[in-house]
Amino acid sequence: MDDSLASPPTGIPHLINILNVIFLSSYVNILLVFVPIGIILGALDMSAYLVFVINFLAIIPLASLLGFVTEELAKHVGQTLGGLLNATFGNAVELIVSIVALTKGEILIVQASMLGSILSNILLVLGCCFFAGGMIFQEQTFSNIVAQTMSSLMALATASLLIPAAFRATLDSLDGGIDEHRMLAVSRGTAIVLLIIYVLYLFFQLKTHSSLFETIESPDEEPPALSVVVCLFFLTAITVIVSVCADYLVDSIDSIVTTTGLSKTFIGLIIIPIVGNAAEHVTAVMVAMKNKMELAIGVALGSSMQIALFLTPFLVILGWIMGQPMSLFFSTFETAVLFVSVFITNAQIQDGISNWLEGAMLLGTYMIIAIAFFFYPSTL
């Protein structure tokens, strides 16, 4: 019988095959057993420590599944748009956690989560890529044009935090007090400008200069194992489950701060981004070890840039709509940390060559920042 006349697989066997493809996509999916446990513990209002830890572990495989399904969907739409989808859904966990925290008025958690995700991507993820790739290859090369474009946009995002901080300090010195209304007005105006810049960047990436972002197609690249409909269904289902786990996670943070002594800043800036970036962290390191550095840098820098230019200003506008005082004002220390991190990252990628020592330097910077924020007190 001619294979071309065979009908596409349907029914129970086809469903089982789809589930096998999705749930056997990564060893980390074994942690999915914590998803129902975390939801049940949260619904029963059990120990806050248990609720936090179990839901923390539950979100890790959910982030991995989200990344896998997004990659399958990306195979249907081409490399450039696919890369954009990977960056967007790769940040879905951070966005969901931040929206949940914003609805509860946890502004400090939202700000720390956004800043922590940026630092995690440009220092931890990129550092692991350089280090892991450098252990296999003496030197790795990549297009510094695209990398420098992204890093320039990151510099703009850093300026968008420096200016509100300087503005607030100036108001404090001139008026002897802080006008929160003016502070929010500056933040919201800046957020609108950043969103416009992000839209222009998308036009630059997808339309006028799309050739710069295209990579050579690998001849042995596997075809998509999931259809578009299946991908969209699982993306929706996973997003809903993540939002439930995130809700219980955020609710337990206050008790965790009280019982452990950890600050909200450290939890939001170091711990939560580890969950959100787990999937793209593994993806970026794996492709770096295959000497696909442009793709690895696109994941790390593209994700951090999207957080800085889209997610953070979007949350400012969303807070405006919800009546929450979400602003772009970060403390002097937090702003200085971001500035130094972007400066160091730019220095490492400007020559278009990477090695394991550069990765070690980025990782060392991240560790120093983590130690500093471990002792950094929460401030409202």
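Which residues does Leu 119 touch, not counting residues up to four places away in sequence?

## Leu 119 and its partners

This is a predicted model. Beyond four places in sequence, Leu 119 touches Leu 124, Leu 269, Val 337, Leu 338, Ser 341, Tyr 366 and Ile 369.

In soluble globular proteins, nonpolar side chains tend to be buried together.

## Ala 296 in helix 13

Ala 296 is found in helix 13. Its relative accessibility is 0%, so the residue counts as buried. In sequence, Ala 296 and Cys 129 are 167 residues apart. In space, their C-alpha atoms are 6.9 Å apart. Cys 129 is also one of the residues that Ala 296 touches; Ala 284, Val 287 and Ala 288 complete the set, not counting residues up to four places away in sequence.

## Positive phi in two loops

Asp 45 is not a glycine, yet its phi is positive, about 55°. Asp 45 sits in the loop between helix 2 (34–43) and helix 3 (48–74). Asp 45 is exposed, because its relative accessible area of 66% is over the 50% cut-off.

Asn 291 is another residue other than glycine with a positive phi, near 65°. The loop that holds Asn 291 runs between helix 12 (278–289) and helix 13 (293–322). With a relative accessible area of 37%, Asn 291 is partly exposed.

Definitions and conventions: Residues are numbered from 1 along each chain as its sequence is written. This is a predicted model: local features need pLDDT of at least 70, side-chain atom pairs count only at pLDDT 80 or more; totals for chains, interfaces and linings use all residues. Side-chain values use heavy atoms; hydrogens and water are left out. Contact means heavy atoms within 4.5 Å. Helices (H or I, at least four residues) and strands (E, at least two) are DSSP runs, numbered from the N terminus. Buried means under 20% relative accessible area, exposed over 50%, partly exposed in between (1.4 Å probe, protein chains only).
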